[in-house]
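Here are my notes on the model, as numbered points.

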Amino acid sequence: MPTQHPDIAALARLGGSVRQRLDADPSAFKVPTDQIELYGVANFLSEAECDRLIAIIDAVAQPSELFTTPYSKGHRTSYSGNVDSSDPFVRMIERRIDDLLGIPHEFGETVQGQRYQVGQEFRAHNDYFHTGEAYWPEQSRRGGQRSWTAMAYLNAVEEGGSTLFNKIGLDIPPQPGTLIVWNNMLPNGAPNPDTIHAGTPVVRGTKYIVTKWYRTRKWG
Ligand SMILES: O=C(O)CCC(=O)C(=O)O
Ligand SMILES: [Fe+2]
């Protein structure tokens with residue numbers, strides 16, 4: 001029922017336009033599953049770009065905070081920080097992600113850098129907002145639901161630190177420079193519970209990623 005899912009029509013339209021664009025892009029590999037619209041782009045970032053982003057993350061990393069709801073406490077133990085989007089280098093990377101997806105730049109939240117050290121993880125979660133939670137009215141005004149997620153691996157991890165999509169049984173090992181993108185919604189614009197995923201604990205080494213979440217409308 002449309003009324004149960006705010007912005008369902010806008011999310012369906014956005015899902016469709018991004019799908020069309022990615023399906024026409026030879027650099028985007030569609031993961032063969034009917035459960036999630038999930039794509040990978042190898043070598044999206046060069047080695048030098050990855051190294052530069054890692055240095056930026058080391059400079060801003062703070063203990064991660066999720067939206068402060070009881071259910072999310074303790075879900076993420078990595079360090080994270082908003083990457084400075086006034087930095088021309090960061091803007092260039094953002095523009096490339098915007099362009100890959102064809103989503104207006106204004107819909108994107110600030111890029112987040114994350115660093116996981118040994119034992120750190122991001123437990124199973126969905127990136128979309130739970131619209132029954134206390135944070136939702138404010139998030140609804142600030143761009144609405146999270147539509148697509150883009151996430152890039154910046155380095156190889158000696159052991160652990162994969163991204164596990166539990167419901168489709170897909171475990172993605174960090175591959176430096178690879179970007180993965182997925183639609184957090186179903187084609188009809190309702191949240192897709194099968195997008196549940198986790199950053200598995202790092203066993204050896206350090207894991208660096210950048211994540212960009214796109215909303216339904218202009219974020220801010
Ligand atoms: O670290 C990972 O592999 C997953 C990160 C993640 O789920 C997120 O940033 O939303
Ligand atoms: Fe996530």
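This is a predicted model: local features need pLDDT of at least 70, side-chain atom pairs count only at pLDDT 80 or more; totals for chains, interfaces and linings use all residues.

1. Asp7 sits in the segment before H1. The backbone at Asp7 has a positive phi of about 65°, although the residue is not a glycine.

2. Asn43 also calls for a look at the backbone: this residue, not a glycine either, has a positive phi of about 55°. Most residues other than glycine have a negative phi. Asn43 belongs to the loop between S2 and H2. Is Asn43 buried or exposed? Asn43 is exposed, because 12 other C-beta atoms lie within 10 Å and the exposed class takes in 12 or fewer.

3. Next, the ligand. Which residues surround ligand 1? They are Phe122, Asp127, Met151, Thr163, His197, Gly199, Ile209 and Thr211. By class, this shell has 3 nonpolar, 4 polar and 1 charged residues. Strand S12, residues 197–199, supplies at least two residues of the shell, and so does strand S14, residues 207–213.

4. On annotation, the UniProt record, an unreviewed entry, gives "domain: Fe2OG dioxygenase" for residues 107–216. In the model, the end C-alpha atoms of residues 107–216 lie 7 Å apart.

5. Ile196 is in the loop between S11 and S12. Ile196 counts as partly exposed, with 16 other C-beta atoms within 10 Å. Leaving out residues up to four places away in sequence, Ile196 touches Ala124, His125, Asn126, Asn166 and Lys167. Ile196 and Leu164 are 32 residues apart along the chain, and their C-alpha atoms are separated by 8.5 Å.

6. Glu159 and Arg204 can be taken as a pair. Glu159 is in strand S8, residues 159–160, and Arg204 is in strand S13, residues 202–204. Glu159 is exposed, with 12 C-beta neighbours inside 10 Å; Arg204 is exposed as well, with 10 other C-beta atoms within 10 Å. Neighbours within four places in sequence aside, Glu159 is in contact with Val203, Arg204 and Gly205.

7. The C-alpha atoms of Glu159 and Asp171 are 13 Å apart in space, for a separation of 12 residues in sequence. Arg204 and Gly102 are 102 residues apart along the chain, with 37 Å between their C-alpha atoms.

8. Which residues touch the most other members of the largest nonpolar core? Among its 41 residues, they are Leu101, Trp148, Ala152, Leu154, Leu179 and Val181. The elements that give two or more residues to this core are helices H1 (8–23), H2 (47–60) and H3 (88–101), together with strands S2 (38–41), S7 (148–153), S11 (179–183) and S14. S14 also contributes at least two residues to the shell around ligand 1.

9. Leu101 shows how parts of the chain meet. Residues up to four places away in sequence excluded, Leu101 touches Val18, Arg21, Trp148, Ala150 and Val181. Of these, Trp148 and Val181 are also named among the core residues that touch the most other members.

10. Ser17 is in helix H1 and counts as partly exposed, with 13 C-beta neighbours inside 10 Å. The C-alpha atoms of Ser17 and Ser85 are separated by 25 Å, and the two are 68 residues apart along the chain.

11. Last, the chain as a whole. How many helices and strands does the secondary structure of the chain come to? It comes to 4 helices and 14 strands. The radius of gyration of the chain is 16 Å, close to the 17 Å that the globule rule gives for 220 residues, so the chain is as compact as a globular protein of that length. Along the principal axes, the C-alpha atoms fill a box of roughly 45 × 40 × 35 Å.

12. Buried residues make up 38% of the 220 residues in the chain. Among contacts between residues at least 6 apart in sequence, 78% join residues at least 24 apart.

How values were computed: Residues are numbered from 1 along each chain as its sequence is written. Chains are lettered from A and ligands numbered from 1 in the order in which they are written. A residue is near a molecule or strand if its C-beta atom, placed from the backbone, lies within 6 Å of it. Ala, Val, Leu, Ile, Met, Phe, Trp, Tyr, Cys and Pro count as nonpolar, Asp, Glu, Lys and Arg as charged, and the others, Gly among them, as polar. UniProt positions are given in the numbering used here, feature names are shortened, and annotations may be inferred rather than shown by experiment. The radius of gyration is taken over C-alpha atoms; the globule rule is 2.2 Å times the number of residues to the power 0.38. A residue is buried if 20 or more other C-beta atoms lie within 10 Å of its own, exposed if 12 or fewer, and partly exposed in between; C-beta atoms are placed from the backbone. Two residues are in contact if their C-beta atoms, placed from the backbone, lie within 7 Å. A nonpolar core is a set of buried Ala, Val, Leu, Ile, Met, Phe, Trp, Tyr and Cys residues joined through C-beta atoms within 7 Å.
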